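Dear colleague,

Please find below the structure that I am handing over to you. My findings follow it.

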Amino acid sequence: MDIKFDYIGIVSANMAESLRFYRLLGVDIADADVNDPHVETTLPNGLRLAWDALSMMKEIDPDWVEPAGQRMGLGFLCGAPDGVDEAYAKVIDAGLVGKRAPWDAFWGQRYAIVLDPDGNEVSLFAWL
């Protein structure tokens, strides 16, 4: 059996805001119709990242309910410790939500946590 990890899907209540957030963090998303129920891009490493509207999720699975709590996390490697601070400031300056301001974590990384428009935690990090 030939199997490989290929795709991460994010359910979005507001497609325009979700795409704006991920573009701020450097995800290259081609111009998309924010009224489309599905938008995806292929990352430089070949992994596909996609957003699906709540309405689409209900069409796929009529019993689908929004989860509570954080069950997975996404992380963006910022290249250098000051890149974490810059990315965090960019998100905050855009009127989006920071959960934890940058700090030097005990595991040897500069680390911060922001929330995407749907409340998903997104980590920003770089090795110290």
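Two strands are said to pair if DSSP finds at least two bridges between them. In this model, which is predicted, Leu77 stands opposite Phe125 in β7 on that basis.

**Strands**

Leu77 brings in strand β4 (residues 74–77), which pairs with β7 in the parallel sense over 4 bridges. β7 also pairs with strand β6 (residues 109–115), in the antiparallel sense and over 7 bridges. Strand β7 itself covers residues 121–127; 5 of its 7 residues are buried, so it is largely enclosed by the rest of the structure.

β6 has a further antiparallel partner in strand β5 (residues 97–104), over 5 bridges. Here Trp103 stands opposite Tyr111 in β6. β5 and β6 likewise form a hairpin, with 4 residues between them, and the turn holds Gly108 at a positive phi of about 95°.

**Helix α1**

Helix α1 spans residues 15–24, and its buried residues are Met15, Ser18, Leu19, Phe21 and Tyr22. Seen down the axis of α1, these buried residues fall within an arc of 160°, so they line one face of the helix. Just after α1, Gly26 takes a positive phi of about 95°.

**Aromatic residues**

A pair of aromatic rings is described by the distance of the centres and the angle of the planes. The count for this model comes to 8 aromatic pairs. One of them joins Phe21 and Tyr22 edge-to-face, at 4.8 Å centre to centre and with 85° between the planes. Both Phe21 and Tyr22 are buried.

Trp103, Phe106, Trp107, Tyr111 and Phe125 form one aromatic cluster. Arg100 lies over the face of Trp103, at 3.6 Å from the ring centre.

**Nonpolar cores**

Which residues touch the most other members of the largest nonpolar core? Of its 26 residues, these are Phe21, Tyr22, Leu25, Trp51 and Leu124. The elements that give two or more residues to this core are β1 (7–12), α1, β3 (48–53), β4, α3 (81–93), β6 and β7. Another core, of 5 residues, lies apart from it and includes Trp103, Ala105, Tyr111 and Phe125.

Neighbours within four places in sequence aside, Trp51 is in contact with Ile10, Met15, Ser18, Leu19, Tyr22, Val27, Ile29, Pro37, His38, Val39, Glu40 and Thr41. Among these, Met15, Ser18, Leu19 and Tyr22 are buried residues of α1.

**Leu49**

Residues up to four places away in sequence not counted, Leu49 touches Ile8, Ile10, Val27, Val39, Glu40, Thr41 and Leu43. The C-alpha atoms of Leu49 and His38 are separated by 11 Å, the two residues being 11 apart along the chain.

With kind regards

Technical notes
Residues numbered from 1 in each chain as written. Predicted model: local features only at pLDDT ≥ 70, side-chain atom pairs only at ≥ 80, totals over all residues. Heavy atoms only, no water. Buried < 20%, exposed > 50% of the residue type's maximum accessible area, 1.4 Å probe, protein only. Arc of directions from axis to C-beta. Phe/Tyr/Trp six-rings, centres within 6.5 Å; stacked < 30°, edge-to-face > 60°. Lys NZ or Arg CZ within 6 Å of the ring centre and 35° of its normal. Core = buried A, V, L, I, M, F, W, Y, C linked by side-chain atoms within 4.5 Å. Contact = heavy atoms within 4.5 Å.
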